[in-house]
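Here are my notes on this model, as numbered points. Please read them with the structure open.

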Amino acid sequence: MDDTASLLALADHMLWVTALVSAPVLLASLAIGLAVGVVQAATSVNEQTLTFVPKLAVTALVLVLFGASMMGLVGDFMKEIFDQIAQVSR
């Protein structure tokens, strides 16, 4: 029973880390997509590259700015997983 509870806690923590890592990229892309959509609706310009290029640029910028902290979260989570694997195998 204790193993089941620890696996469920690990799965919960995994989902939380995934949300924290993906949120900056998704929120920035959502904001830029919304802003470009409003501009396209106001000007009646329906160019496909007009939506793709700003999202790509903002995604790259967010990854440059927050990439180290995102990888730190993933690294800490991996260390926790390996520590729990070592405890279970004893």
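1. First, a term. Helices (H or I, at least four residues) and strands (E, at least two) are DSSP runs, numbered from the N terminus. On that basis the protein chain has two helices and zero strands.

2. On provenance: this is a predicted model, where local features need pLDDT of at least 70, side-chain atom pairs count only at pLDDT 80 or more, and totals for chains, interfaces and linings use all residues. Residues are numbered from 1 along each chain as its sequence is written, and side-chain values use heavy atoms, with hydrogens and water left out.

3. Overall form. The C-alpha trace of the protein chain spans about 65 × 25 × 15 Å along its principal axes. Its radius of gyration is 19 Å, whereas a compact globule of 90 residues would have one near 12 Å. That radius is taken over C-alpha atoms, and the globule rule is 2.2 Å times the number of residues to the power 0.38.

4. Burial and contacts. Buried means under 20% relative accessible area, exposed over 50%, and partly exposed in between (1.4 Å probe, protein chains only). Buried residues are 16% of the 90 in the protein chain. Contact means heavy atoms within 4.5 Å. Of the contacts between residues at least 6 apart in sequence, 69% join residues at least 24 apart.

5. The core. A nonpolar core is a set of buried Ala, Val, Leu, Ile, Met, Phe, Trp, Tyr and Cys residues joined through side-chain atoms within 4.5 Å. The largest one here has ten residues, including Leu10, Val17, Val58 and Phe77. Helix 1 (2-43) and helix 2 (48-88) are the elements that give two or more residues to this core. Beyond its neighbours within four places in sequence, valine 17 is in contact with Leu73 and Phe77.

6. Tryptophan 16. This residue sits in helix 1. Is tryptophan 16 buried or exposed? Tryptophan 16 is exposed, at 54% relative accessible area.

7. The loop. Serine 44 lies in the loop between helix 1 and helix 2. Serine 44 has a positive phi of about 60°, yet is not a glycine. Most residues other than glycine have a negative phi. Serine 44 is also exposed, with a relative accessible area of 62%.

8. Glutamine 40. This helix 1 residue counts as buried, at 12% relative accessibility. Which residues is glutamine 40 in contact with, leaving aside its neighbours within four places in sequence? They are Val45, Asn46, Glu47, Leu50 and Thr51.
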